[in-house]
Amino acid sequence: MEAAVYPDWSALPEELTALVLRVLDILDLFRAGAACTSWYAAYSAARRVRIPIKDASPCLLYSCADDDADTATLYSPSGGAAFKVRLPAPAFRSHHVVGSGHGWVITADEKSNLQLLNPLTTAQLDLPPVTGLHHVDSFADEQGRTMYRLYGEDPWRPDYAMPYKPKELRLFLYHRAYLSCRPPAGAACVVLLLCQPDGELSFARLGDDRWTHIAKSQFVQRGSGYRGAAYNDKDGLFYLVSFDSSVHTLDLNGPTPVVKCIVKQYSQDDDPIRSVILAPWGDMLQVWRYAELRCSEDLKVSEQIANEVIGPGQESFTCDLELYKVDINYQKLVKISGLELQEYALFLGFSSPMSLPTKDFPTFKPNSVYITEDSSENIYINKYGCGEVGIWNFETGNLESFGTIQSAHPRLNWPPPVWITPYLS
C-alpha cells in the first residue's frame with residue numbers, strides 16, 4: 001500500500017491561501033494557524049496580505065487570570081470558545097483600554113501614551129504622546145522622576161495644574177477614543193479623543209506628532225462636555241452627544257474643524273453614561289446607562305496593587321438602561337422600548353457603539369444590549385475591581401450573565417474588557 005500523500009498547504013500561493021482562509025470564522029481561522037507549522041505559515045501569509053474576515057461577529061477581548069501578562073484572550077460568542085493571542089511589549093495587562101474600532105484597540109501604556117493595537121495581527125502603532133495634548137506637560141519631581149501636569153481641571157483657576165504620576169494620569173485623562181476607519185488607511189484615519197476636563201475634544205491623524213485641540217463650541221458650555229461619539233462613514237462626520245443630551249456633528253474634512261449643533265439641549269437632570277448610535281435603518285439613538293457603586297466584601301486586593309485601589313470594597317453595577325430615538329426635526333428625544341431595535345443587538349462599552357442584525361448572527365439575543373464596563377469613575381476608584389460584563393434585558397430591567405465564559409476563562413478586570421470586530425488589517 002502506498003503511503004498517503006498530503007498537500008503542502010504552506011506552498012499555496014498567497015492569493016489561494018486568502019481564498020481558503022477568508023471563508024473561515026474567526027475561531028477556525030485561529031485554529032488553522034495553531035494546527036501545525038505549515039498551517040501557521042499559511043495563516044501568517046494570509047495576515048501579510050491582510051484578507052478581510054468573513055465572520056464579522058464581535059469578540060470580547062480581555063486579560064485572563066490564568067495567562068501571562070502579555071497574553072490576551074479573545075472570546076467569540078458565535079463560536080462559543082476562547083482563544084489566546086500573545087501580544088507585543090509592553091505587556092497587554094499593563095495597558096488601559098480606552099477605545100476600539102475596526103478591529104483595533106486604543107490603549108494607554110504606563111507612561112499614559114496611546115497606541116493602536118490589532119490583536120489578530122499584533123501590529124502596534126504609536127499615537128502622539130500625552131504631552132502632545134494642549135493641556136498636559138511634564139516635569140521632574142524632587143527624586144528626578146517624570147511627572148505630568150494636567151491643566152484646566154479647576155474652572156476658577158485656569159492656570160492651575162494638577163500633578164499626576166505617569167501611569168495614574170491615564171485613569172483621569174482619557175474618557176473615550178474613536179477611530180474613523182482602519183489604520184492601514186494612513187493619514188485618512190482619524191483618532192478622536194474625549195478627555196478631561198469635562199469631555200474635551202482632540203484629534204490626530206496617523207503620522208501626526210501632536211494632538212489638535214478642538215475648542216468648545218458656543219453650544220457646549222462648561223459642565224456640559226461631550227460624553228460619547230460615533231463616526232458615520234456615509235457623510236464623513238463624527239456625531240457627538242454631550243452631558244445635556246444635545247447632539248453635534250464634527251466635520252474634520254476641511255482645513256479647520258467645524259462643530260454644528262443638530263439637536264439642542266434636552267435634559268441635564270442626571271449624568272448617565274451616554275452613547276449615540278447611528279442605527280442601520282436610519283434612526284439615531286441614544287442609550288443612557290445608569291451605573292451605581294455598591295460594596296462587595298469578597299474583593300481581595302494584593303499588597304502589590306493595594307496602592308492603586310482607592311475603594312477595594314466597591315464595585316460598579318448597572319441599575320437601569322434607557323433607550324431614546326433622536327428626533328432632529330422636533331429637537332427632542334423620544335423614549336422607546338427595546339422592541340424598537342428591530343431584532344438588532346447593540347454593543348456598548350469602551351468600544352465604538354455597534355449594532356448587529358441577529359437574523360445574521362443567531363448567537364446574539366435580539367433587542368438587547370451587550371455591555372462591558374465603561375464607567376471611568378469606577379475604574380479610577382477601583383482599578384482592579386469587578387467590572388460588569390453582561391446582557392441588558394429590557395423586559396426584566398436587569399443585566400444578565402454572559403454565560404459560562406467567566407468560569408471557564410476567569411477574566412481579570414484590568415485592562416477593562418472591550419468588544420472588537422476582528423480584522424486582519
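This is a predicted model: local features need pLDDT of at least 70, side-chain atom pairs count only at pLDDT 80 or more; totals for chains, interfaces and linings use all residues.

Reader: What makes β8, β9 and β10 an open sheet?

Author: Helices (H or I, at least four residues) and strands (E, at least two) are DSSP runs, numbered from the N terminus, and two strands pair if DSSP finds at least two bridges between them. Strand β9 (residues 146-151) and β10 are joined by four bridges in the antiparallel sense, so they count as paired under the rule of at least two bridges. Arginine 149 stands opposite proline 163 in β10. The order is β8-β9-β10, with antiparallel pairing, and the sheet is open. Its edges are β8 (136-140) and β10 (161-164); each has a single partner strand, so one side of each is left without a neighbour in the sheet. From one strand to the next the twist averages 30°, where axes are lines fitted to C-alpha atoms, for helices over the stretch in contact, and angles run from 0 to 180 degrees between N-to-C directions.

Reader: Which helix packs on this sheet, and what does the helix touch?

Author: Helix α4 (residues 166-173) packs there, touching β8, β9 and β10, and its direction makes about 20° with that of β9. Contact means heavy atoms within 4.5 Å.

Reader: Why are β24 and β27 called edge strands?

Author: Five strands form an open sheet in the order β24-β23-β25-β26-β27, with mixed pairing. Since β24 and β27 (398-400) each have a single partner strand, one side of each is left without a neighbour in the sheet. Neighbouring strands here are turned by 30° against each other on average, direction ignored. Strand β23 (residues 344-348) pairs with β24 in the antiparallel sense over four bridges, and leucine 346 stands opposite serine 355 in β24.

Reader: What makes β19 and β20 a hairpin?

Author: β19 and strand β20 (residues 284-295) pair in the antiparallel sense over six bridges, and five residues lie between them. Arginine 289 in β20 is the bridge partner of isoleucine 273. In the turn, glycine 282 has a positive phi of about 110°.

Reader: Which peptide bonds are cis, and where are their prolines?

Author: Most residues other than glycine have a negative phi, and most peptide bonds are trans. The bond from alanine 89 to proline 90 is cis, with omega near 0°; proline 90 lies in the loop between β3 (81-86) and β4. The bond from glutamine 196 to proline 197 is also cis, with omega near 0°, and proline 197 is in the loop between β12 (190-195) and β13 (200-205). Serine 112 has a positive phi, near 70°, although the residue is not glycine; serine 112 is found in the loop between β5 (104-108) and β6.

Reader: Why is one space called a cavity and another a pocket?

Author: On a 1 Å grid over the protein atoms alone, a cavity is a set of points where a 1.4 Å probe fits but cannot get out, whereas a pocket is an open set with protein on both sides within 12 Å along at least five of seven lines; lining residues have an atom within 4 Å of a point. Grid points are joined across faces, edges and corners, and a volume is the space filled by probe spheres set on the points. By this rule there are four cavities of 30 Å³ or more. The second largest cavity holds about 50 Å³, and its lining includes Arg176, Arg227, Arg274 and Asp374. The largest pocket has a volume of about 1000 Å³. Its lining has 36 residues, of which Tyr231, Asp233, Leu278, Pro353 and Met354 lie nearest the centre. β24 gives the most to this lining, with four residues.

Notes: Residues are numbered from 1 along each chain as its sequence is written. Side-chain values use heavy atoms; hydrogens and water are left out.
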